[in-house]
Amino acid sequence: MCLIGIGIVCFLITITHGFARTAGGMVAPADSFPPEPIALGWKIAMIAVVVSALGTGLYFSARRWRSSNLFDRQYRFAPVAQVALRLGGTKSGGSMATIVFVDRAANAESLKIRKPEETPPR
Amino acid sequence: MKCPSCLGTLSTPTPQCPHCKLTLRRLDVKFGAVPRHSSLLTDRTGRLPAREVKTLRDLLRSFNGKFPQSLFSVFLTNQLPGSIWEYTFWMANRGRFGNVHTEAGDNFDLLLGIEVEARSAALVIGYGLERYLDERDLERALAGASGAFSVADFARGIRICVELLTERMKNVVKDLEETAQTAAAKVDPL
């Protein structure tokens, strides 16, 4: 990523230095004219390209580092030597937790719909 | 220990449930072929946005980085021929989530199954983790996620569940290490 950013900057510098624009809008080699200084807009654009390239690279690297647990320690368990298998399961014997959750979103929606009808008339 | 079908208590290791006669083979007949699934996160309902899927896969990968023996897998599904408890137990044994050779006491995997329309979920652990986590730990993790599940925010619920279990498992290992260090210090005071 960083190399791409540097490459783009070098390319832009080469273009801006290599050619100069004549009064009639024609492009002529810079040898015939003294080199013009790089315009402020170009400089800002170059810096923006480099910063965004670095930022993108850093973002993806940080994600990869985080998910690969590069800077955190590893936690290990001692293997269990003997296990009595249950219900024919060779990997899990059904040690589990279960839950039935209420659909609050649907409930709230149904309450909203019912509310005007349920309001007793005065 | 509970039977994943009738939720009756299993007091002793048994090849079939003494209450409802459930076996893994019966579940094979009930559920048929193992559906296609990925090792970390499978969403057969299409409820999770692609961006969330990516973030959750990163989180589950990070879990595996912290606990190299354990693979935390999540499965979202709908319209099952049985309950999510039976299905999650069946998938934990028949699915190919982690290393297929990690069986019995070497299996430290976790599987969270969510049935979106039936609004139910089950969290199953492999035999290896039974010594370190009990059913109350799993219940706490699911209870923590239930608020998000209730408002159909499954991504947040899964995240909470994974984070709660990560903390619990970290503490279990740290406690074991401290106990081992204390015991070693008592044996060898120098």
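Analyst: The following account begins with one chain and then turns to the contact.

This is a predicted model, in which local features need pLDDT of at least 70, side-chain atom pairs count only at pLDDT 80 or more, and totals for chains, interfaces and linings use all residues. Residues are numbered from 1 along each chain as its sequence is written, while chains are lettered from A and ligands numbered from 1 in the order in which they are written.

Chain A has 3 helices and 3 strands; helices (H or I, at least four residues) and strands (E, at least two) are DSSP runs, numbered from the N terminus. Starting at the N terminus, the order of elements in chain A is α-β-β-α-β-α. Of its 122 residues, 11% count as buried. A residue is buried if 20 or more other C-beta atoms lie within 10 Å of its own, exposed if 12 or fewer, and partly exposed in between, with C-beta atoms placed from the backbone.

Strand 3 (residues 95-100) of chain A is joined by 6 bridges to strand 4 of chain B, and the two run antiparallel. Two strands pair if DSSP finds at least two bridges between them. Within this pairing, A:Met96 stands opposite B:Val124, and A:Ile99 faces B:Ala121.

The contact as a whole takes 37 residues from chain A and 58 residues from chain B; two residues are in contact if their C-beta atoms, placed from the backbone, lie within 7 Å. On the side of chain B that touches chain A, the elements giving two or more residues are helix 1 (24-31), helix 2 (50-66), helix 3 (84-94), strand 4 (120-125), helix 4 (135-150) and helix 5 (154-187) of chain B. Helix 4 of chain B gives the most to this side, with 7 residues. The residues of that side of chain B comprise 30 nonpolar, 15 polar and 13 charged. Here Ala, Val, Leu, Ile, Met, Phe, Trp, Tyr, Cys and Pro count as nonpolar, Asp, Glu, Lys and Arg as charged, and the others, Gly among them, as polar.
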